[in-house]
Number of protein chains: 2
Amino acid sequence: MSTAVAPKGLEGIVATNSSICWIDGDAGVLSYRGIDIHELAQRSTFEETTYLLWFGKLPNQAELAEFSKKLAEGRKLDPKIIELLRSVPNSATPMQVLRTAVSLLSIYDADEADNSHDANVRKSYRLTSQIAMIVAIFDRIRKDKNIVEADPSLSHAANFLWMLNGEKPSATATRTFDIALILHADHELNASTFAARVIAATLADIHSAITGAIGALKGPLHGGANEATMRLLYAIDKEGADPVEYVKQMFAEKKKISGFGHRVYHTEDPRATHLRRMSEELSKAAGDTRWFDLSQRIEAFVKQEKKLNANVDFYSASTYTMLGIDIDLFTPIFAISRISGWAAHVIEQHDDNRLIRPRAEYVGPAYPAAYTPVSER
Amino acid sequence: MSTAVAPKGLEGIVATNSSICWIDGDAGVLSYRGIDIHELAQRSTFEETTYLLWFGKLPNQAELAEFSKKLAEGRKLDPKIIELLRSVPNSATPMQVLRTAVSLLSIYDADEADNSHDANVRKSYRLTSQIAMIVAIFDRIRKDKNIVEADPSLSHAANFLWMLNGEKPSATATRTFDIALILHADHELNASTFAARVIAATLADIHSAITGAIGALKGPLHGGANEATMRLLYAIDKEGADPVEYVKQMFAEKKKISGFGHRVYHTEDPRATHLRRMSEELSKAAGDTRWFDLSQRIEAFVKQEKKLNANVDFYSASTYTMLGIDIDLFTPIFAISRISGWAAHVIEQHDDNRLIRPRAEYVGPAYPAAYTPVSER
């Protein structure tokens with residue numbers, strides 16, 4: 001059989017057709033179903049954007065109302081899921097808990113064994129609502145706070161902040177969070193989405209695919225980057241260090257600075273533009289520009305020294321911190337958003353499926369290596 | 001950026017180097033670390049084969065004893081895992097339960113956050129022992145039977161059968177099962193292993209990778225095939241139908257026959273050779289050759305009509321049935337074996353990592369598509 005050797009990490013290899021997301025890495029363009037991310041960030045909502053990702057077009061008013069209603073109806077968790085969230089130690093990371101809870105969800109989902117297009121859409125509504133709930137509820141439980149009931153009158157963004165904090169979020173917080181959800185909703189064949197498609201391509205169910213995607217997102221080379229950025233900002237602030245000197249020292253020690261550079265973008269990540277602006281606005285409104293200022297100085301230095309641009313993760317760190325969100329919820333929030341894209345990709349994969357099964361280049365001991373009995377080894 | 005379009009499903013694309021498994025699909029050769037699968041099936045054990053997969057060489061007597069001891073020491077489950085297995089409904093499928101339980105295991109694994117080579121090996125011992133235990137214990141629980149304590153004096157194969165059935169397995173049953181574990185232990189970049197590597201390549205932990213792999217294995221195009229084969233045999237037997245006529249009718253209805261053909265092999269799957277022989281031996285020893293005879297007639301007809309060879313799944317169906325194993329445990333048993341290969345691949349990925357992130361060919365609405373306000377849609 002003929003084989004072709006791909007670059008390491010499948011870099012630059014087109015693994016599938018998709019009509020969901022178009023990226024021009026050289027021009028710094030990100031679009032969902034052809035609509036520019038800047039338009040969506042400025043004018044759309046997470047609900048509308050998710051509709052666009054799942055159904056390929058923007059909804060009219062009736063469709064949007066129906067969509068929001070279905071999301072709100074999905075804000076129910078089987079008591080067994082709550083039981084799991086209560087049973088794990090408070091020290092469990094939210095990503096471990098989310099991955100486990102989403103896997104458990106499938107056991108209580110009546111459509112589990114049905115991979116049809118319609119069943120996948122039904123499960124996607126529930127997964128989108130339930131992932132946000134799981135993150136909020138586990139955070140309440142681990143902090144010994146009461147669980148906040150979902151409010152069907154709230155948007156997806158507002159309901160999450162409500163269930164997380166137990167108080168109705170401000171319009172600014174809701175809109176900021178909503179934009180963050182829009183910006184993270186999809187990104188073509190990023191590692192977690194690709195993992196979801198590889199799993200779905202065996203005709204495994206959507207819960208299996210999303211469980212795997214959450215596992216992939218958990219990795220520090222993927223979802224974990226903004227956590228690392230925020231830890232860097234905290235470390236610099238705690239030491240009262242000069243950020244440029246601090247980063248210079250890290251470079252001297254061959255350490256990587258998280259939140260810079262991207263496999264696909266060779267110019268500014270278009271999502272970073274919005275997160276930078278939101279970080280600045282929230283900081284100024286709060287009268288505390290510490291994290292934004294530090295971020296800006298690091299960004300300028302890394303750009304000058306390494307010619308690397310800030311990516312989506314760099315300013316989401318300070319943005320989420322200004323929203324009062326704990327550092328170990330940054331990656332779960334990524335999942336709360338990316339479920340919309342994961343679901344779109346699993347639905348697309350199942351609609352026109354082929355098993356994803358590449359080959360490996362064997363570099364081990366030559367065949368046939370001898371089998372010697374254990375007594376002779 | 002330059003991209004290259006791969007065939008659908010990444011067929012024939014070399015996605016990575018690996019020194020674990022070499023397959024020659026045209027010659028029908030499968031080898032682990034260069035050693036032919038026929039040698040291993042005839043002369044090795046699952047413990048020895050797993051050592052070979054993880055450490056790249058066959059163990060000497062002391063190494064093998066130490067390895068077996070560590071596997072036996074891994075036969076411990078946190079009570080919280082048992083609690084989960086007791087809390088899910090009996091109707092949950094073993095694969096849903098296994099996927100959830102393995103994800104939960106990570107919360108109780110002291111090495112969870114450590115992706116070093118040594119920690120990955122430590123976790124691999126535990127995962128190998130614990131996956132087998134989870135499958136056996138959940139099966140006992142759902143049948144209202146008592147949980148059987150692990151026996152550290154038994155081999156991996158014998159201990160699983162012991163914990164599953166509550167009686168010490170015969171030498172024949174143990175050896176048959178042991179060979180089945182050897183045959184399924186690795187298969188290069190099959191879909192579940194590839195999913196595990198995609199997840200691990202974000203530097204996510206091994207539990208995340210294995211959880212995703214279990215999800216992928218669950219799909220009917222991957223682990224589910226021998227279940228489908230056995231359901232076919234049951235259906236033909238129940239109707240008292242002629243197997244050739246039955247399969248002819250399925251072909252006329254454009255139905256797929258599970259257990260035939262393979263993405264990689266274009267000749268007999270070398271694993272099928274052993275499973276056919278074991279199916280025959282068990283059938284003759286039991287004086288009940290019903291499933292073997294049916295299988296043989298179907299195999300001959302499909303070969304003649306479609307030029308398709310039986311693959312690993314076809315004769316594992318009747319082999320497992322002759323071992324008294326329930327049909328919905330076939331895929332979990334695949335996981336009990338394949339964890340050895342999954343672990344080897346995750347360790348190899350982490351040892352020389354690069355993010356696996358291909359591209360998609362965009363075929364959606366042309367960019368820039370207009371964003372129209374909802375009132376105008």
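Mentor: B:Y32 has B:I35 as its bridge partner in β5(B). That bridge belongs to the antiparallel pairing of strand β4 (residues 29–32) of chain B with β5(B), which runs over two bridges. Two strands count as paired when DSSP finds at least two bridges between them. Strands are DSSP runs of E with at least two residues, helices are runs of H or I with at least four, and both are numbered from the N terminus.

This is a predicted model, in which local features need pLDDT of at least 70, side-chain atom pairs count only at pLDDT 80 or more, and totals for chains, interfaces and linings use all residues. Residues are numbered from 1 along each chain as its sequence is written, chains are lettered from A and ligands numbered from 1 in the order in which they are written, and side-chain values use heavy atoms, with hydrogens and water left out.

In chain B the open sheet has three strands in the order β3-β4-β5, with antiparallel pairing. β3 (21–24) and β5 (35–36) of chain B each have a single partner strand, so one side of each has no neighbour in the sheet. Chain A also has an open, antiparallel sheet of three strands in the order β3-β4-β5. Its edge strands are β3 (21–24) and β5 (35–36) of chain A, each pairing on one side only. There, β3(A) and strand β4 (residues 29–32) of chain A pair over four bridges in the antiparallel sense, and A:C21 has A:Y32 as its bridge partner in β4(A).

Helix α1 (residues 37–43) of chain A holds both A:E39 and A:R43, four residues apart, about one turn of the helix. Their side chains form a salt bridge of 3.1 Å, N to O; the term requires a side-chain nitrogen of Lys or Arg within 4 Å of a carboxyl oxygen of Asp or Glu. By this rule there are 70 salt bridges over all chains.

Of the salt bridges, 16 lie between chain B and chain A. One of them joins the side chains of A:R357 and B:E188 at 2.6 Å, N to O. By class, the side of chain B that touches chain A has 54 nonpolar, 32 polar and 22 charged residues; Ala, Val, Leu, Ile, Met, Phe, Trp, Tyr, Cys and Pro count as nonpolar, Asp, Glu, Lys and Arg as charged, and the others, Gly among them, as polar.

The contact (heavy atoms within 4.5 Å) takes 108 residues from chain B and 108 residues from chain A. About 9700 Å² is buried between the two chains, 59% of it from carbon and sulfur atoms; buried area is the accessible area (1.4 Å probe) lost by two parts on being put together, summed over both. In chain B, the residues that lose the most area to chain A are B:R357, B:R359 and B:Y371, together 9% of what that side buries.

Strands also pair between the chains: strand β6 (residues 359–362) of chain A runs parallel to strand β2 (residues 13–18) of chain B over four bridges. Within this pairing, A:A360 has B:T16 as its bridge partner in β2(B).

Chain B superposes on chain A by a rotation of 180° with 0.0 Å of shift along its axis (RMSD 0.0 Å), fitted by least squares on the C-alpha atoms of residues with pLDDT of at least 70 in both copies. The two copies are therefore related as by a two-fold rotation axis. In chain B, B:G212 has the C-alpha nearest the axis, 2.0 Å from it.
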